[in-house]
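User: I would like to learn how to read the packing and the backbone of a model such as this one. Please take the features one at a time.

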Amino acid sequence: MKPACPRLPELGAEATHEYRLGIMGGTFDPIHYGHLVTAEQAREALALDLVLFMPAGRPAFKQDADVTDAEDRYAMTVLATAANPAFDASRFEIDREGVTYTIDTLRALRARYPDNVKLFFITGADAILDLVTWHNAEQMAELATFIAATRPGYDIEQARSRVVASGVPFDVRYIEIPALAISSTNIRQRVREQKSVRYLTSESVIGYIRKNGLYNVHKVERVEGTQVGE
Ligand code: ATP
Ligand code: MG
């Protein structure tokens, strides 16, 4: 099996010390500062050695929606994570056939790496609310520790009580992160409406969106008083 990321084979291989691997899954259509802040603060709070950003191939929860080509979502993820040595982007899910289930990814990672590599799955509070309804919750609880980050509009206490009520022994660590009310949906909408998306995601991602005409962006448009070309 191909490694989840190019750096990992060397990292967990000697099995002498614990290696804490964070996995930040998402559609990343596009990736934005909400994702990056969440991953960075999860990395710090749980002393993660690496956070792997894993764009979903065909997301299980977004089958009906019109999702941007995986290669574009992956390319934007690479651009956005490049500056942080503790971040990496993974093709693991986009190279898989069919619908992506988190359980399959966790199983594959578990099988791929020795036991000294601990898995931490990072999600926003909205996604943790769905955790208990996920495919194979029991097994998932065995495979990873979950890190649930607050997100504006989502009640962490509600998430906590739903997880407890499920009876599934999930190990969930709740972390408070600065409220960033940024969503990919809002970014796509703003691009469509030819509004500014500056400071919602990295300049490199914005450049990629423009260059490739994603989200119906016009090739040349006026943004914040500046003529922005290709
Ligand atoms: P969409 O609007 O298309 O649903 P999104 O902004 O929610 O996109 P996803 O790719 O669906 O982004 O999210 C991936 C993960 O990041 C999820 O676990 C989600 O909860 C989390 N997340 C997304 N935006 C934020 C944010 N602003 N703050 C904290 N977590 C976030
Ligand atoms: Mg979402």
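Predicted model: local features only at pLDDT ≥ 70, side-chain atom pairs only at ≥ 80, totals over all residues.

User: Which residues have the most contacts inside the largest nonpolar core?

Analyst: The general idea is that in soluble globular proteins, nonpolar side chains tend to be buried together. Here the largest such core has 31 residues, and those with the most contacts inside it are L106, L119, L131, F146, F170 and V172. Two or more residues come from each of β1, β2, α4, β6, α5, α6, β7 and α7. Apart from this core lies another of 30 residues, which includes A39, L48, M76 and I187.

User: With which residues is V172 in contact, leaving aside its neighbours within four places in sequence?

Analyst: With that exclusion, the partners of V172 are I128, L131, F146, A148 and V163.

User: How should I read the buried residues of helix α4?

Analyst: An α-helix has 3.6 residues a turn, so residues three or four places apart point the same way. In α4, the buried residues are T102, I103, T105, L106, A108, L109 and R110. The elements against which they pack are β1, β2, β5, β6, α6 and β7.

User: Turning to the backbone, which peptide bond is cis?

Analyst: The bond from D29 to P30 is cis, and its omega is near 0 degrees. P30 belongs to the loop between β1 and α2.

User: Where does a residue other than glycine have a positive phi?

Analyst: One case is A47, with phi near 50 degrees; this residue lies in the loop between α2 and β2. Another is Q194, with phi near 60 degrees, in the loop between α8 and α9.

User: Is D72 buried or exposed, and what is in contact with it beyond its neighbours within four places in sequence?

Analyst: D72 is found in helix α3, residues 70-81. Its relative accessible area is 17%, so D72 is buried, the cut-off being under 20%. Beyond those neighbours, D72 is in contact with Y208 and L214.

User: How many residues apart along the chain are D72 and Y208?

Analyst: They are 136 residues apart along the chain, and their C-alpha atoms are separated by 8.6 Å.

Methods
Residues numbered from 1 in each chain as written. Chains lettered and ligands numbered in written order. Heavy atoms only, no water. Core = buried A, V, L, I, M, F, W, Y, C linked by side-chain atoms within 4.5 Å. Buried < 20%, exposed > 50% of the residue type's maximum accessible area, 1.4 Å probe, protein only. Helix = DSSP H or I, 4+ residues; strand = E, 2+ residues; numbered from the N terminus. Contact = heavy atoms within 4.5 Å.
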